[in-house]
Amino acid sequence: HHPKFIMNSVILATLLSSAAAFAPQSTGRVSTAVNEVNWQPDESAFAYGLPGSLAPVGEFDPLGFAKDTPLATMLQWREAEVQHGRVAMLAVLGMLIVEEPIEYHPLFEAYNKDIGPAIRHLDEVDAVSPFFLIGLTLLIGSLEYNRALVAFAKPEGSFSFQQLNEDHYPGDVGFDPLGLKPDDAEEFATIQTKELQNGRLAMLGAAGIIAQELTNGEEIFVNLGLATDRFDPSSVPIQF
């Protein structure tokens, strides 16, 4: 079990490392994404006219965060929302795939050992191959560093914390290998609204899954009665 895990870890680490080549690199110029999508802030519109509102909820802001918020701050919030939504969508998909009944895992022989809810998987990774976590941390850090080079202004002159580049459109880090980004401004607003709505749902979903699994230690589909519970908590290195 362990030799195969280590081999799989090496293969996966190699693939993840190669993914860094696709991360946006600093080009010495600011992004022209705002001009490319023909978006201009509208001070009379909700959230300066940024995409993201969808019927029947529409301009949903019960706590009034968007009211009288400076444009620079609104763009920072949108940048954070888009990026967290993307991470959450990947997280939800990943958690559901590696658990019962699908239980596909690139690092473990899941067919002969149920390693339980997704929130426990890094425990076993750390126990079997702790260096993998170091590599994973470095990979995530490098991707975030490259995003910072594209999105955030350099700390020069009149500078505020987390200040975005003047022409940077929130969430546009130049990564579009399949060419899915529309050229038409209206089409772009539509597809970004879809991304935002799915990202918001995924953030709530990920939080719910994690909270539920922390509560009773069972996988989500097991909780729903849609899968058999084969997990033995004593089989993992760390007990809760």
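Biologist: Is Tyr48 buried or exposed?

Modeller: This is a predicted model. The relative accessibility of Tyr48 is 15%. Buried means under 20% relative accessible area, so Tyr48 counts as buried.

Biologist: And Asp68, buried or exposed?

Modeller: Asp68 is found in the loop between α2 and α3. Its relative accessible area is 73%. The cut-off for exposed is over 50%, so Asp68 is exposed.

Biologist: What is the phi of Tyr48 near?

Modeller: Most residues other than glycine have a negative phi. Tyr48 has a positive value. This residue is found in the loop between α2 and α3. Phi of Tyr48 is near 60 degrees.

Biologist: Which peptide bond to Pro56 is cis?

Modeller: Most peptide bonds are trans. Pro56 is found in the loop between α2 (33–36) and α3. With omega near 5 degrees, the cis bond is the one from Ala55 to Pro56.

Biologist: Where is Pro101 found?

Modeller: The peptide bond from Glu100 to Pro101 is cis, with omega near 0 degrees. Pro101 is found in the loop between α3 and α4 (121–128).

**Fold and core**

Biologist: How many helices does the protein have?

Modeller: There are zero strands. Along the sequence the pattern reads α-α-α-α-α-α-α. The number of helices is seven.

Biologist: Which residues does Met74 touch, not counting those up to four places away in sequence?

Modeller: Met74 belongs to the largest nonpolar core, which has eleven residues, including Trp39, Leu164 and Phe188. Apart from that core lies another of nine residues, among them Ala88 and Ala202. Leaving out residues up to four places away in sequence, Met74 touches Ala47, Tyr48, Leu50, Ala66 and Thr69.

**The cavity**

Biologist: What volume does the largest cavity have?

Modeller: Rolling a probe the size of a water molecule over the atoms shows where empty space is left. The structure holds one cavity of 30 Å³ or more. The largest cavity has a volume of about 40 Å³.

How values were computed. Residues are numbered from 1 along each chain as its sequence is written. This is a predicted model: local features need pLDDT of at least 70, side-chain atom pairs count only at pLDDT 80 or more; totals for chains, interfaces and linings use all residues. Side-chain values use heavy atoms; hydrogens and water are left out. Helices (H or I, at least four residues) and strands (E, at least two) are DSSP runs, numbered from the N terminus. On a 1 Å grid over the protein atoms alone, a cavity is a set of points where a 1.4 Å probe fits but cannot get out, and a pocket is an open set with protein on both sides within 12 Å along at least five of seven lines; lining residues have an atom within 4 Å of a point. Grid points are joined across faces, edges and corners, and a volume is the space filled by probe spheres set on the points. A nonpolar core is a set of buried Ala, Val, Leu, Ile, Met, Phe, Trp, Tyr and Cys residues joined through side-chain atoms within 4.5 Å. Buried means under 20% relative accessible area, exposed over 50%, partly exposed in between (1.4 Å probe, protein chains only). Contact means heavy atoms within 4.5 Å.
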